[in-house]
Amino acid sequence: MAQYPPIMPDMPVLLHGGDYNPEQWIKMKDTIWPQDMELAKKAGVNTLSVGIFSWSMLEPEEGVYHFEWLDEVMDMLAKNGIKAILATPSGARPAWMAEKYPEVLRMDAMRHKQLFGARHNHCLTSPVYREKVRQINTLLATRYKDHPALGMWHISNEYGGECHCPLCQDAFRKWLKARYGTIENMNDQFWNTFWSHRYSSFEQVESPSPIGENWNLALSLAWRRFTSDQFCDFYSHEIAPLKEITPDIPCTANLMDFFPGIDYFKFGKLLDRASWDNYPPWTGDERDKESALHTAIMHDIIRGVGGQKPFMMMESSPSAVNWHPINRLRQPGILMLQSLQAIAHGSDTVQYFQFRKGLGSSEQYHGAIVGHDNSDQSRIFREVSEVGHTLGKISEVTGSAPESKVALIYDWDNLWILNEAQFGNNENKKYIETVKDHYAAWKQLGYNVDMIDQTGDLTPYQIVCGPMLYLLKDGFAEKVQAFVEKGGTYVATYITGWVNEENLAHLGGYPGPLRNVLGIWDEETDTLDDTRKNHFTYNGKSYACKDVCALVHAESAKPLASYEEYFYQGMPALTKNTLGKGQAYYIAARTDRDFLRAFYADVAAEKSLTPLMKNLPDGVLCTERSGDKGDYLFVMNTQPEERTITLPAGLNLRTDEAMEGEYTLNGYEVLVLKRLSSYSLHS
Ligand SMILES: [Zn+2]
């Protein structure tokens, strides 16, 4: 089992806190700031993120710096035993910069220059913007390098978006030249003879645009990869002075929920800690099951992005946000569920946006620990305090992490190209939904799941599932073959192995280089609208097929189920191939989760895997973290009604009670159980 270092080197506990914007209150600082510290301590806050949108207060005019207020804030945090996650301010720039240096403003795909305003809207290529960021980051690091409050760096905020300005066009062309070498090679990889689209020089290439080239899928894929790489490059630029001046202070950048614009697995390799902002639409009813599953897979993706180490829930709302279409109040118990669910999946932090609700501007009514009532008696404040108290009770889980024998692949390149590819259902290929269906099946069976992408190491796992891997990256098929030959189980589905890393179709039939591993030829794919269903029978039970039915020939594979309707009646809907010591399955049609649950239960049994808990009731999820101090089972009721479960023997860390056997969870209740095997009931 693995035991990881704490998120901040000298804070070996679970972190509790959030975004803190004291500069918004600078004209009331003598009354508000001391109240903030008192309220923070009451709520069990031990860390606050500062400086995220502070540029115009730190440098109100070019070259004129005002760090005095931040000095005062940092001193105040240190005095109150609170660690600062100090931000670089590049998430929003001051107006003077946009006015004086228009090149820092983005240009959209229609080639319209954007105006000053909003946030996350700077050209990442602009030498002026990069220099301004380098200057302010250097000043921050130099000033606070020895400050006792400095615990960590928060780089920018929620990186995202794209810029099509001339500087970015030039950078894109350089990126293309570096990747393809010659324009001849790029034309060939892009299949540019089609529509007479061959370029004669890189200078002719423009980023995709509705007023230009918007139909060349390889160009679109290249642009997505370039944009994502620009964020990696910009992040590296941002941290360079910090790494030089404060080499021991970890850096993170807060990521977003299924954000398509950055390949987070690639970006994550640059992060000392992975972190993300979690805003599920809890509704207080049956739909919370899906919200909980969605949040669970995102936690697992972020843990995967960070190399399966403990990560950070950098933001969450203590109550309703203000930007969902309908912002329902969080039901009592939801905040604890949301907070402990993060810990359950390997987060070592529960952090909120934000500490104190601002009096104006666009997030005026976004949930906060301290509301406009300025009170410690509000329901939300009391619930946050209870979370703080609970994190203290379960603090020994810090540094432990979930371990899994099952991995599920989610891949950004594959997402990008499936979003563009023209075939089958062009409204929605349902890639993310499909990955979530496979994930949900494993979670409902009671397993930990690791999320990886195609570049991930398969060797720690016994079962790897790669749904809808339309695009296969170079080397991936060989890796799967080696994994299976050595005894692993690989599960693929319809729409696998159609194109290579450059989006060129595999000549010789699908699933391309996985044909030998899977032992099938996937000849054609039928697309069903909502009025049509096919069926197959598996282990004596009938299951419906929807959306996609691949017409598959079993070559070395053995059919396990066959279609029962349409002209391809009798063709395999599910196959199993044996290769070396392992197995490779092909699910030829999209099904509901009931089939995936039944199928994965059998696949797990074949590998003699046992779930963390058996017979989980509908709406109950579990995970387990393991570390030097023990194994910690988290059992979460994601529904407002009671659920009865059967527990293994263990110690309830929230109540210090020994527990075993039948137990009824209240609505939204979360149990944190240290397993008996890892402690003595009699000690
Ligand atoms: Zn630009």
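Me: Before we start, buried means under 20% relative accessible area, exposed means over 50%, and partly exposed is in between, using a 1.4 Å probe and protein chains only. So what makes Asn374 count as partly exposed?

Reply: Asn374 has 31% relative accessibility, so it counts as partly exposed. A word on the source: this is a predicted model, where local features need pLDDT of at least 70, side-chain atom pairs count only at pLDDT 80 or more, and totals for chains, interfaces and linings use all residues. Residues are numbered from 1 along each chain as its sequence is written, and side-chain values use heavy atoms, with hydrogens and water left out.

Me: Where is Asn374, and what is its phi?

Reply: Asn374 is in the loop between β9 and α12; helices (H or I, at least four residues) and strands (E, at least two) are DSSP runs numbered from the N terminus. Its phi is near 55°, a positive value in a residue other than glycine. Gln354 is also in the loop between β9 (347-352) and α12 (379-393), and the peptide bond from Phe353 to Gln354 is cis, with omega near 0°.

Me: Why is Lys430 called partly exposed?

Reply: Its relative accessible area is 26%, so Lys430 is partly exposed. Lys430 sits in the loop between α13 (412-420) and α14 (431-445), with a positive phi near 60°.

Me: Which atoms are the protein donors of the zinc ion?

Reply: They're the SG atoms of Cys123, Cys163, Cys165 and Cys168, lying 2.2 to 2.3 Å from the zinc ion. Donors are N, O and S atoms within 2.8 Å of the metal (3.2 Å for Na, K and Ca); water is not among the atoms, so sites may look incomplete. Along the chain, the spacing is C-x39-C-x1-C-x2-C.

Me: What makes the site of the zinc ion tetrahedral?

Reply: Four donors count as tetrahedral if all angles lie between 85 and 135 degrees. Here the angles among the four donor atoms are 100 to 120°, and the site is tetrahedral.

Me: Are Cys165 and Cys168 buried or exposed?

Reply: Cys165 has a relative accessible area of 2%, so it is buried. Cys168 counts as buried because its relative accessibility is 3%.

Me: How do you know that the buried residues of α17 line one face?

Reply: In α17, Arg593, Phe595, Leu596, Phe599, Tyr600, Val603 and Ala604 are buried. Seen down the axis, they fall within an arc of 155°, so they line one face of the helix. The arc is that of the directions from the helix axis to the C-beta atoms.

Conventions
Tetrahedral: all angles 85-135°; square planar, octahedral: opposite > 155°, others 65-115°.
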